[in-house]
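Subject: Structure handover

Hello,

Here is the structure we discussed. Please open it first, then read the notes below alongside it.

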Amino acid sequence: MNIIVCVKQVPDPEAPTAQFRIDEATKRLRPSKSVNLVANPFDMNAVEAAIQLKEAVGGKITVLSLGPESSSDVLKQAVAMGADEAVRIDSQAGESWDSFLTAHALAAAVRKVGQFDLILCGRQAADTNAGQMGVGLATALGISCVSFASRVEPRNGKIEVERIADKGREVFEVALPALLTVSNEMNHPRFPTAMKLIAAGRQQIPSWSLAEIGFDAGQLSGQWAGIEETEHFIPRPTTTCEFVEGETLEEAGEKLALRLRAEKVL
Amino acid sequence: MDFTIPKELELLKNMTRDLVKKELEPVANDVEEQSKIPEHLVEKMKQLGYFGLTVPPEYGGSGLGLLGYSLVIEELAKTHIAFFLLISTNNSIGGKPIVSFGNEEQKKKYLPRLATGEWRTAFALTEPEAGSDAASIKTTAVRDGDHFVLNGTKHFITGGPYADVFIVVALTDKKLRARGGISCFIVEKGTPGFSVGRVHRAMGLAGSQQSDLIFKNCRVPASNLLGKEGQGFGVAMDALDHGRIVAGADALGAAEKLLELSVEFAKQRVTFGKPIAERQAIQWMLADMATEIYATKMMLYHAAWKADQGEDVAREAAMVKLYGTEMANRVADKALQIHGGIGYMKEYPVERMYRDLRVTRIWEGTSEIQRLVIAKELLKES
C-alpha cells in the first residue's frame, strides 16, 4: 500500500497560554520565542497509522509538509519513526496561507509524487484547529474522505475505517484511493530509536518549490470568493460564585447535581 | 562564536524532553515511593537505544560524543534521578573504559550487550579507605598463570547489586601505585570469589542501589585486563573526566527544572495580595538562579565540545563538575525557599531533588578534589 502522510510543524500546543499573544496587524496568534516548534500531535498519529499499515501489508510511506525550512525537523522525525521518503514543499516567505490554498498546494504535491492508495492527515492542526485541510485535500483530488478516523485496518485491497461520530462510532468499508483524517484515539505514536533519529537528523530533506509542483496561488485565489479573518480575540472568562445549600449533605449534593445538569455540565 | 547544536543532537534532545514529559515524569513519584523504575520503562529505554548512546555504531550504539550525550542527560535530569542512573554507567564510567581502552575481543564481547542494555555495568574504584585519595586503594590483583587473583573490598558502588559487568580498579604493584602499579579489570557477575556485599541505604537516589563488592581470591582471566598492566589509574581517570562532564549535565538539567518550577510557583503563589513573583526578594533569587544556570550551560557545552575535538579536558571537566554541582545545590536551596512549606513536603518534587542533588557534590570526586585537580593543572602550567 502506498501511503502519503501530510504533516505540519506547529508551536507546542502544550506551552502555557501566557506565552501566546495576538498580533494586532496580522490577526494571528503569535507564540513567544520560548515556545518550541513541534510536530502537530494529530499528524504523528497519522504517521504511526501509516507505519502500522505498512507493517501489516507492506508498501511505501511518503511524508509531505508545506512549510519553511524548520519544517524539515518534523519530516526527519517521521523518517526516524519509519517513513521511507519525505519532501518539504517550500511555503515561500511572503505567501499568505489558509486551509484552501494549503489543500490545493498539497494536492499539487501529491500529483507530483504520483501513484498512491491512501492519504493520511491529522484531524486538525494544533495551531489553528481549523480541521479543514484534510477534507479540502480530498476534495481537490476528487477522492473519498473519512474524517475523525479512530481505527483503520486493511481488508482485501480496501480498508475498514472506524470513525468517531457525535454519539458512538461508525464503521466504513472504504475503496482506495481515499483520504483519512486521523484522530488521536487511533494510536500512540512511537518514539524513534536514538540511532534512527540521529541518522534521520543528518539526512538532507529534499524540498520542492511551488513552481516545481506547478502551484500558483494567484491563479487559484481568483477562483473563489475567499475568507478574511477580521478579528482574533480571547474571550474574557466571567466567574460567578453561587452557593448551593441544603439541610443535609445529601440534599446539598442532590441540589448541586440538578444545578450542574441545568448548566449542562452533567 | 557559533554555539549552534547539530540538528541530529537537537532532535535527540527534543525527543528526550518529550519522553520525559510523556512517560517518565508521570511515574516519578512511584519511582521514589517504590524505589524502582517500572520494568516496562526500563525495556522502553533499552529499545530506544538509551543504554548505548555513547557506544560506537560498529558495536551497535549511537556513537554520541560528550556534547550529544550531555544534551540527553540535561533533559533526562529534569525528572527522577533514577532514569539518569539507569543509563549512565553503560554510557559513561562503566562503558567508556571499554570503548577507550578495550581490545577488539573485549569490545566485541561487551559493547554490543552494553548498547542494548542486556548487560549493565558498574565502575568499582572507591574503597572504605580510598575515596578521594583513589591511589591508596587496597584491593590487590596478583598474577597467577593466565589469571589474576583479586582480593579486597569496594564500596558505594552504584549498580553493584544488579550490574552484570564490573570495571574493577586494583593494585598490581604496591610500590608503584598511581605511577604504574594500578590496573583495571573487567569482572563478570558470577565469577567465583566475587560477591555483592551490603547494600547501602542512601539519603536519596531511590530507584538505584549502591553496595559493597567483595573479592575473595577471585580469579579473573588475564584476558580481562583492560588496557595494559599498570595503566589502570589512567583508565580510571579518563573515565572520571567523562563522568565529571556528565555529572555537570545532570546538575544543569536538575537546576533548570527547579528554576522552571520556581518561576511557575512564584507567579501563582499570592501573599499579602500579590503573587510572590512581584516581590524583589523572590525576583533576585530567580535572577541569580538563571544566571548561574546560564554560566554552567556555557561551560558544559564548551568543555564537552572541546573533549569531542579530542582535546584533553581534565581541568575543564573538573571545573564543570565543581561549578555545576555546587550551582545546582544553591539553586535547589533557593527553589525550596521560594516554595516555602510546600517545598519541604514530599508532594512536590523540590524536596526530592534537593536531597538527590546533595550527592552530586560528592560523587565522581568531591568538590574539594575538583579544586585540587584544577589547582594542580593551573600550577603545572606556570
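This is a predicted model: local features need pLDDT of at least 70, side-chain atom pairs count only at pLDDT 80 or more; totals for chains, interfaces and linings use all residues.

N129(A) counts as partly exposed, at 40% relative accessibility. N129(A) sits in the loop between β8 and α4 (133-141) of chain A. Its backbone deserves a look: phi of N129(A) is near 55°, a positive value in a residue other than glycine. Most residues other than glycine have a negative phi.

F272(B) is not a glycine, yet its phi is positive, at about 45°. F272(B) lies in the loop between β9 (270-271) and β10 (274-275) of chain B. Is F272(B) buried or exposed? F272(B) counts as exposed, because its relative accessibility is 82% and the cut-off is over 50%.

One peptide bond also stands out. Most peptide bonds are trans. The bond that joins L176(A) and P177(A) is cis, with omega about 5°. P177(A) is placed in the loop between β11 and β12 of chain A.

The sheet in chain A

Chain A has an open sheet of nine strands. The order is β11-β10-β9-β12-β8-β1-β6-β7-β13, and the pairing is mixed. Which strands stand at the edges? They are β11 (169-174) and β13 (207-208) of chain A. Each has a single partner strand, so one side of each is left without a neighbour in the sheet.

At the β13 end, strand β7 (residues 85-90) of chain A pairs with β13(A) in the parallel sense, over two bridges. R88(A) has S207(A) in β13(A) as its bridge partner.

Further in, look at strand β12 (residues 178-182) of chain A. Five of its five residues are buried, so β12(A) is largely enclosed by the rest of the structure. In a regular strand the side chains alternate between the two faces of the sheet. Both faces of β12(A) are covered. A178(A), L180(A) and V182(A) are buried on one side, and L179(A) and T181(A) are buried on the other.

β12(A) has a parallel partner in strand β8 (residues 118-122) of chain A, over five bridges. Here C121(A) stands opposite T181(A). Strand β9 (residues 144-155) of chain A also pairs with β12(A) in the parallel sense, over four bridges. In that pairing C145(A) stands opposite L179(A).

Helices on the sheet

Helix α1 (residues 41-57) of chain A lies across β1 (2-6), β6 (60-67), β8, β9 and β12 of chain A. α1(A) runs at about 150° to β8(A). Helix α3 (residues 99-113) of chain A packs on the sheet as well. α3(A) touches β1, β6, β7, β8 and β13 of chain A, and its direction makes about 145° with that of β6(A).

Helix pairs

In chain A, helix α2 (residues 72-81) and helix α5 (residues 194-202) pack at an angle of about 140°, with their axes 8 Å apart. That makes α2(A) oblique to α5(A). Their crossing is right-handed. From α2(A), K76(A), Q77(A), V79(A) and A80(A) meet K196(A), L197(A), A200(A) and G201(A) in α5(A). By class, this contact of α2(A) with α5(A) has four nonpolar, two polar and two charged residues.

In chain B, the axes of helix α8 (residues 232-268) and helix α12 (residues 349-358) come within 11 Å and cross at roughly 155°. That makes α8(B) roughly antiparallel to α12(B). The crossing of α8(B) and α12(B) is left-handed. On the α8(B) side, A251(B), A254(B), K257(B), L258(B) and L261(B) make the contact. Their partners in α12(B) are P349(B), V350(B), M353(B) and L357(B). How many nonpolar, polar and charged residues does the contact of α8(B) with α12(B) have? The contact has eight nonpolar, no polar and one charged.

A buried lysine

K306(B) is found in helix α9 (residues 280-308) of chain B. K306(B) has a relative accessible area of 17%. Buried means under 20%, so K306(B) is buried. Leaving aside neighbours within four places in sequence, K306(B) is in contact with E311(B), V313(B) and E316(B).

Best wishes

Terms used
Residues are numbered from 1 along each chain as its sequence is written. Chains are lettered from A and ligands numbered from 1 in the order in which they are written. Side-chain values use heavy atoms; hydrogens and water are left out. Axes are lines fitted to C-alpha atoms, for helices over the stretch in contact, and angles run from 0 to 180 degrees between N-to-C directions. Angles under 35 degrees count as roughly parallel, over 145 as roughly antiparallel, 65 to 115 as roughly perpendicular and the rest as oblique. A crossing is left-handed if the near helix is turned anticlockwise from the far one by less than a right angle, and right-handed if clockwise. Contact means heavy atoms within 4.5 Å. Ala, Val, Leu, Ile, Met, Phe, Trp, Tyr, Cys and Pro count as nonpolar, Asp, Glu, Lys and Arg as charged, and the others, Gly among them, as polar. Buried means under 20% relative accessible area, exposed over 50%, partly exposed in between (1.4 Å probe, protein chains only). Two strands pair if DSSP finds at least two bridges between them.
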